[in-house]
Amino acid sequence: MATMKRFDIAAQFQNLNGRHPGQWPLLPRAMCGVGVLTAVLALGWFFYWDAQLEDLSQGERREQELRDAYKSKVQQAVNLDALRKQKEQVGEYVATLEKQLPSKAEMDALLSDINQAGLGRGLQFELFKPGQVVVKDYYAELPIDIKITGNYHDVAAFTSDIANLPRIVTLNNLSLATGKDNNMLSMEAVAKTFRYLDKEEVAAQRKAEADAKKGAKK
């Protein structure tokens, strides 16, 4: 029986050439249909469904991004009053810092305060040389090379006086050395003080930035 079944199956695939597929036996027609269906599915996948699935995946990712953005906006809305209060506090803090920055007209007085802070402690200035002003985005920086000589306690008190000045002054690149007399101490440093830019300087700064951007585009 098994041999006869194999013979019947093989016989269905004989003499198919020249015959219309609709006249083929059942098994060849079924296999041909499966092959055509597989080819159609494969072509549909590569030329249509693959792109559709990719668009669907991108849409899902975009949906998740929008959901996250919505949650963030809701959280900000809930904390709006606290954020406004925090903004006010930051504004007050910035205003306080700005008050510690002298204007251009007040710089000479500040340099005199630094000098008097040393002389008031009985220190001897061997060097007090203001350098070139460095203009930043919103402020200007003035470095001052100083070298002072005095006893240990007076030098320490001088650094404390500088820190307690009403204006911002920092001591950088400190270098200490003992003199011939062990009771005397020599200190070299770069004192940096800062001032805010006046309206003319801000305008010049913005013009320079605009000119630089135009030059970069060219």
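# Exercises on strand pairing and ring pairs

At 26% relative accessibility, Phe128 counts as partly exposed, a class that lies between buried (under 20% relative accessible area) and exposed (over 50%), computed with a 1.4 Å probe on protein chains only. The model is predicted: local features need pLDDT of at least 70, side-chain atom pairs count only at pLDDT 80 or more, and totals for chains, interfaces and linings use all residues. Residues are numbered from 1 along each chain as its sequence is written, and side-chain values use heavy atoms, with hydrogens and water left out.

**Exercise 1.** Classify Phe125 and Phe158 as buried or exposed.

Solution. 
- Step 1: Phe125 has a relative accessible area of 18%, so Phe125 is buried.
- Step 2: Phe158 has 0% relative accessibility and therefore counts as buried.

**Exercise 2.** Find the aromatic pairs and state their geometry.

Solution. 
- Step 1: Apply the rule that rings of Phe, Tyr and Trp (its six-membered ring) pair if their centres lie within 6.5 Å; planes under 30 degrees apart count as stacked, over 60 as edge-to-face and the rest as tilted.
- Step 2: This rule gives two aromatic pairs.
- Step 3: The ring centres of Phe125 and Phe128 are 5.5 Å apart and the planes stand at 90°, so this pair is edge-to-face.
- Step 4: For Phe125 and Phe158 the centres are 6.3 Å apart and the planes are at 80°, so this pair is edge-to-face.
- Step 5: The pair of Phe125 in strand S1 and Phe158 in helix H5 (residues 152-163) links distant parts of the chain, 33 residues apart.

**Exercise 3.** Describe how strand S3 pairs with S1, S2 and S5.

Solution. 
- Step 1: Helices (H or I, at least four residues) and strands (E, at least two) are DSSP runs, numbered from the N terminus; two strands pair if DSSP finds at least two bridges between them.
- Step 2: S1 (residues 124-130) pairs with S3 (residues 139-151) in the antiparallel sense, over six bridges. Gln124 has Thr149 in S3 as its bridge partner.
- Step 3: S2 (residues 134-135) pairs with S3 over two bridges, in the antiparallel sense. Val134 stands opposite Glu141 in S3, and three residues lie between S2 and S3 in the hairpin that they form.
- Step 4: S3 and S5 (residues 184-196) run antiparallel and are joined by 13 bridges. The bridge partner of Ile148 in S5 is Met187.
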